[in-house]
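Thanks for coming. I will go through one structure today, beginning with a term and then moving from one chain to the other.

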Amino acid sequence: MAKSSEESSSRRTFMMVIIGLISSIIGVALTIPVLGVVLSPLFRKRDIVWTKLGKFSDLEIKPLAPKFIPVYFKVKEGWSVNTLPRQVIVVKTIGGKFLFFSNQCTHLGCPIHWVPARQKFLCPCHGGMFNALGEVVGGPPPRPLYKWVHKIENDAVYIQNKFIDNPKDRGI
Amino acid sequence: MFKEIQNWFDERIELTKTIEEFNGERIPRRGGWAYTFGSLLAFLFTVQVVTGIFLLFYYVPYFPIARNATYFIKYHVVFGNVLLGIHLWGAFTMIFFILIHMARVYFSGAYKKPRELQWIAGMVLFSIVVILGLTGYMLVGNENSWWTINVLTNVASHTPFIGGFIRIIARGGTETSVLTMQHIFAVHVWLLPGIVMLFIPIHLFLIRKTGHQGMALEYKNSKLSDDDPNKWRHPDATVPFFPDQFYKDMIVALGVFAIVYILAVVIGAPIGPMYRPLALNFAPEGDWYFLANEELLKYFPGHGLIIFPTFLIPSIGFGLLFVLPFIDRTHERSPFKRPAATVLGILFLLVLVYLTLMGGEPKAPATV
């Protein structure tokens, strides 16, 4: 018969090491799959798609008068294909150039809206303000408005669910 | 007959003795009403669990169907509005009384040696209950929920180094999607209540281990100095937990429950508008306990400063609270004998109230 822990101190140490080992093995064996499940989203690529916004020739807007146009991205998310409705703010500059902004505030992502009387975009959450060219003119936003990746082909405007100059993939 | 049943249990597991041991715990006498907040919180948590379980009979964690499910519970399930209302107002009440409980413990110096661990266990419970509140808010599935998810995950994304990862993990993907709701649901319904159920017994066990040490007024007759640990073990007068303290606990529990119930029936839980991701005239608003932080978010303009309200101030604030017993290591307990701590505490509360009131100001209207 094996000695009890009270009869031999080395036996006691041995038992404690085995108990510790077993706990560690079970713990690690359980933690690995749990961690995998929790961290899984990190290993998935964002589904980037091109979506048609509309005809370029329809964009007859006055300079510096923003126009909100909804765009519906169909993207894979987890186990489903979902429609992400998003706003594209089209602004024509004085020089006739077109800018395609997102309506997400660059501060923390609330939906901005255009206030014609003040000629500014206002964020309702924390008071961010942008001018028609997307530059910050007040409040806490850390950077100018996000611009959608876009292209114009055969008189059609296409938008990608991705922002230009946005290395950390904020927003969207 | 009853006696026989009791004997049957006593012969085997000494039931009567166990119950008497549990109930006979001596509680300091003078501050009885001030010591009811802890058990009130345990009671409110139980109410949250019970109402939450039965809300699950109808709830679906799926954007935007979640809001339809909540609507169904409120308007089509018999007494569903009451159950939902109790869950909402119970949550608000719980957060409010945690703050009261913490303030009571802070001002009476009850976190001091040997009770540091109790304070830390309590802080864990407090942090988790706040997250439970926020995640619950997101699960309603209305327009506010949608923007709260976006704003809060964006706030988290400003954590140094790992912020982007935190946001993706919290959302269950790169976008706010079906998986986001599922994640929040699992966290709100399983993970966090599980941790609370683990820490409430720890919190209680620690109280029993260190003994029930009361406020300074329990020790008026003691001739020992404040530095003597023995002083705090021997209040001038004690009463048994059952029925003396328990009686007070029950009265407070009933009073608070009555308020929660009336609020649930009269005001109920606002469901809010359906989520419209394209809405241009919507001003999202946080729950009252988040307004202070919400207000802070407005004060730091520009790229370099955004880390202050999103990460540094909340985490340093919570961090300081967590290690409070190790910062303030003096032995005086009376709030009058440690004016610095008392004044700081009052100032902190005033700032909190001010920020909350400012954060609750009406937002910029849709059209100005």
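Before the sheet, the term: two strands count as paired if DSSP finds at least two bridges between them. Strands themselves are DSSP runs of E with at least two residues, helices are runs of H or I with at least four, and both are numbered from the N terminus.

What you see is a predicted model, in which local features need pLDDT of at least 70 and side-chain atom pairs count only at pLDDT 80 or more, while totals for chains, interfaces and linings use all residues; side-chain values use heavy atoms, without hydrogens or water. Residues are numbered from 1 along each chain as its sequence is written, and chains are lettered from A, with ligands numbered from 1, in the order in which they are written.

Chain A, then. Its domain assignment gives domain 1, residues 1-44, and domain 2, residues 50-163; such bounds come from an automatic or database domain assignment. Taken over C-alpha atoms, the centres of domain 1 and domain 2 of chain A are 54 Å apart.

Now the open sheet in chain A. It has four strands in the order β5-β6-β7-β8, with antiparallel pairing. At its edges are β5 (113-115) and β8 (136-138) of chain A, each pairing on one side only. Three bridges join β5(A) to β6(A), residues 120-122, in the antiparallel sense. Across that pair, Trp114(A) stands opposite Phe121(A).

Another pair in chain A is β2, residues 67-77, with β3, residues 80-92: antiparallel, over 11 bridges. Here Lys76(A) sits opposite Val81(A) of β3(A). Two residues lie between the strands of this hairpin, and Gly78(A) takes a positive phi near 60°.

Which residue has a positive phi although it is not a glycine? That is Asp155(A), with phi about 70°. Asp155(A) belongs to the loop between β9 (147-153) and β10 (156-164) of chain A.

Next, the interface. Counting heavy atoms within 4.5 Å as contact, 43 residues of chain B touch 42 residues of chain A. The buried area, meaning the accessible area (1.4 Å probe) that two parts lose on being put together, summed over both, is about 3600 Å² between chain B and chain A, and carbon and sulfur atoms give 61% of it.

How many salt bridges link chain B and chain A? There is one, where the term means a side-chain nitrogen of Lys or Arg within 4 Å of a carboxyl oxygen of Asp or Glu. The partners are Arg46(A) and Glu175(B), at 3.0 Å from N to O. On the chain B side, α7 (143-156), α8 (163-171) and α9 (178-210) each supply at least two residues that touch chain A. The largest share, six residues, comes from α7(B). By type, the residues on that side are 25 nonpolar, 12 polar and six charged. In that scheme Ala, Val, Leu, Ile, Met, Phe, Trp, Tyr, Cys and Pro are nonpolar, Asp, Glu, Lys and Arg are charged, and the others, Gly among them, are polar.

Over all chains, the whole structure has 11 salt bridges. One of them joins Glu25(B) and Arg208(B), at 3.5 Å from N to O. The two are 183 residues apart: Glu25(B) is in the loop between α2 (15-23) and β1 (26-28) of chain B, and Arg208(B) is in helix α9 of chain B.

Last, cis peptide bonds in chain B. One joins Lys113(B) and Pro114(B), with omega about 10°; Pro114(B) lies in the loop between α5 (80-107) and α6 (116-139) of chain B. Another runs from Phe242(B) to Pro243(B), with omega near 5°, and Pro243(B) is in helix α10, residues 241-266, of chain B.
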